[in-house]
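Let's walk through this model together, moving from one residue out to the whole chain.

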Amino acid sequence: MHVPPSSDQLASFLQRLRRAVTEGRVEIRAYAVEGMRDLEWTAEDLRLQLLELAVEDFLRVEDSTTPQGGVIWVFTPEFWDGGHLWIRLVERAGIVVISFHRG
C-alpha cells in the first residue's frame, strides 16, 4: 500500500500524462480496448478523456503486480450521466492504459 501522492506529485504525473498523450506515447492494453469497445469509443475519444483528467478525478495508487513493477494511478472521472469511468494508468516508456471501463 502506498502513501497517497502529494498534490504536487499528482500535478506532476498529470503533466507527464498530457505530454505522453500529445507525443503519442500511450499504449492501450487489451482490457482497456474492451472497455473502449463497450462504450463505443475510439482511441481519439480515450485520448481526449486522458487529456481532461484533473486532480479531483484521482482516487488512489496501487502496486503493479507485473514483473516491471511500478505504481498504477487510478482515476475515476464522473461520466455525463452521473456514473464514473475507471481509468488505471502506469508509467513506463510513456503511459500504459491498463484498464478503462464504466463503474
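**Starting from Thr76**

Thr76 is buried, with a relative accessible area of 14%; buried means under 20% relative accessible area, exposed over 50% and partly exposed in between, with a 1.4 Å probe and protein chains only. This is a predicted model, in which local features need pLDDT of at least 70, side-chain atom pairs count only at pLDDT 80 or more, and totals for chains, interfaces and linings use all residues. Residues are numbered from 1 along each chain as its sequence is written, and side-chain values use heavy atoms, with hydrogens and water left out.

Thr76 sits in the loop between S3 and S4. Helices (H or I, at least four residues) and strands (E, at least two) are DSSP runs, numbered from the N terminus. Which residues does Thr76 touch, leaving aside its neighbours within four places in sequence? Thr76 is in contact with Asp57, Leu59, His84, Leu85 and Trp86, where contact means heavy atoms within 4.5 Å.

**The chain as a whole**

Stepping back, the chain has three helices and five strands. Along the sequence they follow the pattern α-β-α-α-β-β-β-β. The C-alpha atoms fill a box of roughly 35 × 30 × 25 Å along the principal axes. A compact globule of 103 residues would have a radius of gyration near 13 Å, and the chain agrees with its 13 Å; the radius is taken over C-alpha atoms, and the globule rule is 2.2 Å times the number of residues to the power 0.38. Of the 103 residues, 40% count as buried. If you look at contacts between residues at least 6 apart in sequence, 49% of them join residues at least 24 apart.

Now follow the strands. The five of them form an open sheet with mixed pairing, in the order S1-S5-S4-S3-S2; two strands pair if DSSP finds at least two bridges between them. At the edges are strand S1 (26-28) and strand S2 (58-63), each of which pairs on one side only. From one strand to the next, the twist averages 25 degrees. Here axes are lines fitted to C-alpha atoms, for helices over the stretch in contact, and angles run from 0 to 180 degrees between N-to-C directions.

S1 and strand S5 (residues 94-102) run parallel and are joined by three bridges. Ile28 has Val97 as its bridge partner in S5. Helix H1 (residues 7-22) packs on the sheet and touches S1, S2, strand S3 (71-75), strand S4 (85-92) and S5. The direction of H1 makes about 90 degrees with that of S3.

**Helix H2 and what follows**

Helix H2 (residues 30-39) lies across S1, S4 and S5, at about 45 degrees to S5. Its buried residues are Ala32, Gly35, Met36 and Leu39. They are on the same side of H2 because they cover an arc of only 100 degrees around the axis, the arc being that of the directions from the helix axis to the C-beta atoms. An α-helix has 3.6 residues a turn, so residues three or four places apart point the same way. The buried residues of H2 pack against S1, H3, S4 and S5, while the face turned away from the buried side carries the exposed residues Ala30, Arg37 and Asp38.

Glu40 follows H2, in the loop between H2 and H3. Is Glu40 buried or exposed? Glu40 is exposed, with a relative accessible area of 71%. Its phi is near 60 degrees, a positive value in a residue other than glycine. Most residues other than glycine have a negative phi.

Glu52 lies in helix H3 (residues 43-52) and counts as exposed at 58% relative accessibility.

Finally, look at the rings. A pair of aromatic rings is described by the distance of the centres and the angle of the planes. Rings of Phe, Tyr and Trp (its six-membered ring) pair if their centres lie within 6.5 Å; planes under 30 degrees apart count as stacked, over 60 as edge-to-face and the rest as tilted. By this rule the count comes to six aromatic pairs. Phe58 and Phe75 form an edge-to-face pair, 5.7 Å centre to centre with 75 degrees between the planes. This pair links distant parts of the chain, with Phe58 in strand S2 and Phe75 in strand S3, 17 residues apart. Phe58 is buried at a relative accessible area of 18%, and Phe75 is buried at 0%. Ring pairs also link Phe13, Phe58, Trp73 and Phe75 into a cluster.
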